[in-house]
Amino acid sequence: MNKTDLVAKLLANENLTVLQEPVRTASFDIVNRVLRLPQWKDMTQDLMDMLVGHEVGHALYTTEEAYLKNNPYKDVKHFAGYMNVLEDVRIEKLMKRRYPGLRKSFNLGYKELNDRDFFGVANGFKDMLLIDKINLYFKAGYSCRSEEHTSELQSHSFISYAVFCLKKK
């Protein structure tokens, strides 16, 4: 077991299966309790810590019952993507509260993803879907924003309301 596996298990307070594989991005299987981490070239420790922190957030706070079984919209085309983004916002906020030391890794990790153009915004935000803009707004923070992007999202007050409603549950 390597250091990353041990950290993930300790943060999650359970004996997760941690796999480092050639995958496009990190993921967490909430049913089988498997955390998958990518094997990217030149990945910094902050980026790895951010990915682990994010996926452990799903291990701690995303329940199979709420996300897969009791979600009436899970099979509605495109709606699952919106739910996933809002769930990501929720769990990252909870992880930063529970483990304040992860805040710096989240900020630096998302900055590194932005520098790698992981989000595909090097040419601007004009052709992006609203859900992708919401995702960037909450995840990447100021390192990935433009004036146009920020003002457009601030005009959508339902974003904050949606996050508030999810927080209440």
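Q: Which pattern does the protein follow, read along the sequence?
A: Start with the order of elements. This is a predicted model. Along the sequence, the protein follows α-β-β-β-α-α-α-α-α-α-α. The protein has eight helices and three strands.

Q: How many of the residues count as buried, as a percentage?
A: Of the protein's 169 residues, 40% count as buried.

Q: What share of the contacts joins residues at least 24 apart?
A: Look at separation in sequence. Take the contacts between residues at least 6 apart in sequence: 54% of them join residues at least 24 apart.

Q: Which residues make a nonpolar surface patch?
A: M1, L6 and L10 make one, of about 360 Å². Take L6 as the example. L6 sits in helix α1, residues 3–12. Its relative accessibility is 42%, so L6 counts as partly exposed. The cut-off matters here: patch residues need over 30% relative accessible area.

Q: Where is K9, and is it buried or exposed?
A: K9 also lies in helix α1. K9 is buried, yet has no salt bridge. The nearest side chain of opposite charge is that of D5, 6.1 Å away. A salt bridge needs a nitrogen-to-oxygen distance within 4 Å.

Q: Which residues does K9 touch, leaving out those up to four places away in sequence?
A: K9 touches M1, E14, N15, L16 and V18. M1 is also one of the residues of the nonpolar patch.

Q: How many aromatic pairs are there?
A: Judge each pair by the distance between ring centres and the angle between planes. The count comes to four aromatic pairs. One of them joins F106 and Y110: the centres are 6.4 Å apart, the planes make 40 degrees, and the pair is tilted.

Q: Why are F106 and Y110 separated by about one helical turn?
A: Because they are four residues apart in helix α5, which spans residues 102–115. Both F106 and Y110 are buried.

Q: What kind of aromatic pair do F118 and F119 form?
A: F118 and F119 form an edge-to-face pair, 5.5 Å centre to centre, with 85 degrees between the planes. Over 60 degrees is the cut-off for that class. F118 has 27% relative accessibility, so this residue counts as partly exposed.

Q: Which residues form one aromatic cluster?
A: Now put the rings together. W40, F106, Y110, F118 and F119 form one cluster. Among its members, F106 and Y110 are buried, whereas F118 is partly exposed.

Definitions and conventions: Residues numbered from 1 in each chain as written. Predicted model: local features only at pLDDT ≥ 70, side-chain atom pairs only at ≥ 80, totals over all residues. Heavy atoms only, no water. Patch = residues over 30% accessible without salt bridge, like charges linked within 9 Å, V, L, I, M, F, W, Y side chains within 5 Å. Areas by Shrake-Rupley, 256 points an atom, 1.4 Å probe, with all protein chains shown as cover. Helix = DSSP H or I, 4+ residues; strand = E, 2+ residues; numbered from the N terminus. Buried < 20%, exposed > 50% of the residue type's maximum accessible area, 1.4 Å probe, protein only. Phe/Tyr/Trp six-rings, centres within 6.5 Å; stacked < 30°, edge-to-face > 60°. Contact = heavy atoms within 4.5 Å. Lys, Arg positive; Asp, Glu negative; His and termini not counted.
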